[in-house]
Amino acid sequence: MAKSKTFNMKNKDIVMLGIILGIALYFVGAMISNVFQASETDLLPYKISGFLKLLGIGILTASMVVGGIIIEKIDRNLKMLLLILGLVLLIIYTIGSPWLSWDISNFEFTGMMGSSSETEVAFQERPTALGTPGFEVLYAIIALSLVVIVKKIKRKR
Amino acid sequence: MELNKKNLMILGLAGGIFIFFLGMATYILLGPSTTDYQLPNQISAIIRITGMGIIVISMIIGGFFVEKLDKDVKSLLLIFGIVLLLLNIFVLSYSNYW
């Protein structure tokens, strides 16, 4: 008689699932904004896409940080790299988060010919859900240098 | 799953990061905020800042008081926890978003 297969989820599998789900959600969100184009009158595709993208990055970051602490039977350097990169991703998004604000209080909507309506301004001012393009480059370079420095220090020991 | 300090800290970290990103995503889902309609900003700020608080607490407590953790992991948690706390106090608190 064939043994019934049991599916035991270990810590490593849960973290792996989190990373897969996070990256997948991010790309699904990116696809939505391209397949269903947002316009001045319909901002829903953009909102759903931005929500999914940020949720995906959140799950990915949480999985990386938790994975860097609890995963066993993995190379110690890899484990440390996972933790450091997860923490750096968290810092990048913490610093970049003010660029995600979508406040159009400072704009005047006169309603005259040629002036912008509220929805037009909302459409033009929508954040990319990734902050101002390019803001992450500087922090990515800092993160990579940090990882290299940590590795060099460990090698010297 | 046993409910000890280490597991609580890990739960706090994972939950906090998820709540923080959920708060950022809520702003986009409910937005935009205008002068008369500040609800997206208010709801997002409550969720986001709660998440950040949980993250910082978990990291600093994890770095100081949790045993059964690798020495390097503890140092990293403590350093990044303090950096995140100082960032929140001295940089992000001056932004209208925070």
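Predicted model: local features only at pLDDT ≥ 70, side-chain atom pairs only at ≥ 80, totals over all residues.
Local features need pLDDT of at least 70, side-chain atom pairs count only at pLDDT 80 or more, and totals for chains, interfaces and linings use all residues. Residues are numbered from 1 along each chain as its sequence is written, and chains are lettered from A in the order in which they are written.

**View 1. Chain A has five helices and zero strands.** Helices (H or I, at least four residues) and strands (E, at least two) are DSSP runs, numbered from the N terminus. The order of elements in chain A is α-α-α-α-α. Of its 157 residues, 31% count as buried, that is, with 20 or more other C-beta atoms within 10 Å of their own, C-beta atoms being placed from the backbone. Among contacts in chain A with a separation of 6 or more, 66% join residues 24 or more positions apart; two residues are in contact if their C-beta atoms lie within 7 Å.

**View 2. Chain B has three helices and zero strands.** The elements of chain B run α-α-α from the N terminus. Its C-alpha atoms fill a box of roughly 50 × 30 × 15 Å along the principal axes. Of the 98 residues of chain B, 39% count as buried. Residues 24 or more positions apart make up 58% of the chain B contacts with a separation of 6 or more.

**View 3. Helix H1 of chain A and its buried residues.** The 25 residues of H1(A) should span 36 Å at 1.5 Å a residue, and the end C-alpha atoms are 36 Å apart, which agrees; the expected span is 1.5 Å times one less than the number of residues. Buried in H1(A) are A:Val15, A:Gly18, A:Gly22, A:Leu25, A:Tyr26, A:Gly29 and A:Ile32. H2 of chain A is included in what covers them.

**View 4. The contact between chain A and chain B.** Chain A gives 35 residues to the contact and chain B gives 30 residues. On the chain A side, helix H2 (44–70), helix H3 (76–96) and helix H4 (118–124) each supply at least two residues. H2(A) provides the largest share, 14 residues. The chain A side has 24 nonpolar, seven polar and four charged residues. Here Ala, Val, Leu, Ile, Met, Phe, Trp, Tyr, Cys and Pro count as nonpolar, Asp, Glu, Lys and Arg as charged, and the others, Gly among them, as polar.

**View 5. The largest nonpolar core has 50 residues.** A nonpolar core is a set of buried Ala, Val, Leu, Ile, Met, Phe, Trp, Tyr and Cys residues joined through C-beta atoms within 7 Å. A:Val65, B:Leu13, B:Ile17, B:Phe21 and B:Ile55 have the most contacts inside this core. H1(B) supplies the largest share of the core, 13 residues. Leaving out residues up to four places away in sequence, B:Phe21 touches A:Leu54, A:Leu55, A:Ile57 and A:Gly58.

**View 6. The packing of H3(A) with H3(B).** The two helices pack at an angle of about 5 degrees with their axes 11 Å apart; axes are lines fitted to C-alpha atoms over the stretch in contact, and angles run from 0 to 180 degrees between N-to-C directions. H3(A) and H3(B) are therefore roughly parallel to each other, the term for angles under 35 degrees. Residues making this contact include A:Met80, A:Leu83 and A:Ile84 of H3(A) and B:Asp72, B:Val73 and B:Leu76 of H3(B). By class, the contact has 12 nonpolar, one polar and one charged residues.

Conventions
Buried ≥ 20, exposed ≤ 12 C-beta atoms within 10 Å, placed from the backbone. Parallel < 35°, antiparallel > 145°, perpendicular 65-115°, else oblique.
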